[in-house]
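This report describes selected helix contacts and side-chain contacts of one protein model. The sequence and structure are shown first.

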Amino acid sequence: MDHIVEVCLYFYCKFLWRCLKFVMRKLTGRCELQRICYNTKPGASRTMKIETSLRDSKSKLLQTSVSVHPDAIEKTIEDIMELKKINPDINPQLGISLQACLLQIVGYRNLIADVEKLRREAYDSDNPQHEEMLLKLWKFLKPNTPLESRISKQWCEIGFQGDDPKTDFRGMGLLGLYNLQYFAERDATAAQQVLSDSLHPKCSKFSKAEWEKKRMDKAIGYSFAIVGINITDLAYNLLVSGALKTHFYNIAPEAPTLSHFQQTFCYLMHEFHKFWIEEDPMDIMEFNRVREKFRKRIIKQLQNPDMALCPHFAASEGLINM
């Protein structure tokens, strides 16, 4: 009975919403897409409203526009303008705004596909490219320490669990390695510092008494590489769930790319490291608790439509989403 009531309520609300849209069109002389573009500032606020409007439309053209090929976006905009009987000469800005929004919407869907492809690709030690990436990761993180052999306990020094890192990539596939290498190469100083901090206190040059005296006893160690793969999992789930739309729609002037995703991973690694120290865990067994608390904090931040997790990574100083 409750299910029937919910269904009836859903269709009733949908009917009321369509009636309201009809009334607003008559009163303003503008369709919903026009009202959104003219009354909402560019960025996530506008793009997410446009995405909802297109997806919930009764028009098949509008529904499918969110999943067209990027090369077909311009033609799709022309078809939408024609369907809505909007003169592009009188409303030139509308086409530009819709195109910018669709580039972001379609780009986000394509980014999920690209990330998923990397996640599903298993690490293959017989693949020279995979091996090269892994060896580069060591070189970027430990530039002054040669790796004695491919199979070595030295891998534990950068946070892998055993003498062959390939087994640690099973959960996130190549995506974990891609992210770790990106962080180690593009933000080398920070990555090396986080690695160094993660080794304390178990590999500290200070004695326990010196740690307490220097008030550095809060730096409970963790496995850098394993945490990096775990944060990759967090970033992946934020992306797939749609939570990262707020962030990407605010920082990417057009289509968000794999680089944007990897930059976001770098930000999450920075922030998790700081959060870990602030939480002052008793030991590594508290990792899941700290991670879940961190995840909830990030999700709460992303619920703000003006949120950009790492604006300094923005592809452009200003959005073209006019």
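At what angle do helix 2 and helix 6 pack, and how far apart are their axes?

## Basis of the description

The model is predicted: local features need pLDDT of at least 70 and side-chain atom pairs count only at pLDDT 80 or more, while totals for chains, interfaces and linings use all residues. Residues are numbered from 1 along each chain as its sequence is written, and side-chain values use heavy atoms, with hydrogens and water left out.

## Helix 2 against helix 6

Helix 2 (residues 32-39) packs on helix 6 (residues 92-120) at an angle of about 85°, and their axes are 10 Å apart. Helices (H or I, at least four residues) are DSSP runs, numbered from the N terminus. Axes are lines fitted to C-alpha atoms, for helices over the stretch in contact, and angles run from 0 to 180 degrees between N-to-C directions. The two helices, helix 2 and helix 6, are therefore roughly perpendicular to each other, a term for angles of 65 to 115 degrees; under 35 is roughly parallel, over 145 roughly antiparallel, and the rest oblique.

From helix 2, Leu 33, Gln 34, Cys 37 and Tyr 38 meet Leu 94, Ser 97 and Leu 98 of helix 6, where contact means heavy atoms within 4.5 Å. This contact of helix 2 with helix 6 has five nonpolar, two polar and no charged residues. In this classification, Ala, Val, Leu, Ile, Met, Phe, Trp, Tyr, Cys and Pro count as nonpolar, Asp, Glu, Lys and Arg as charged, and the others, Gly among them, as polar.

## Helix 5 against helix 6

Helix 5 (residues 73-83) and helix 6 pack at about 130°, with axes 10 Å apart. That makes helix 5 oblique to helix 6. Ile 73, Thr 76, Ile 77 and Met 81 of helix 5 meet residues of helix 6, including Leu 94, Leu 98 and Leu 103. The contact of helix 5 with helix 6 comprises eight nonpolar, three polar and no charged residues.

Leu 103 lies in helix 6. Not counting residues up to four places away in sequence, Leu 103 touches Ile 73, Glu 254 and Ala 255. Leu 103 and Val 68 are 35 residues apart in sequence and 9.8 Å apart in space, C-alpha to C-alpha.

## Helix 11 against helix 14

The axes of helix 11 (residues 224-241) and helix 14 (residues 287-302) come within 12 Å and cross at roughly 35°. Val 227, Asn 230, Asp 233, Leu 234 and Leu 238 of helix 11 meet residues of helix 14, among them Phe 287, Arg 291 and Phe 294. By class, the contact of helix 11 with helix 14 has eight nonpolar, one polar and three charged residues.

## The loop residue Arg 150

Arg 150 is placed in the loop between helix 7 (128-141) and helix 8 (173-186). The side chain of Arg 150 makes a polar contact with the side chain of Asp 164 (2.9 Å). A polar contact is a pair of N or O atoms within 3.5 Å; within protein, one must be able to donate a hydrogen and the other to accept it, and residues adjacent in sequence count only if both atoms are side-chain atoms. Leaving aside neighbours within four places in sequence, Arg 150 is in contact with residues including Tyr 123, Glu 131, Trp 155 and Asp 163.
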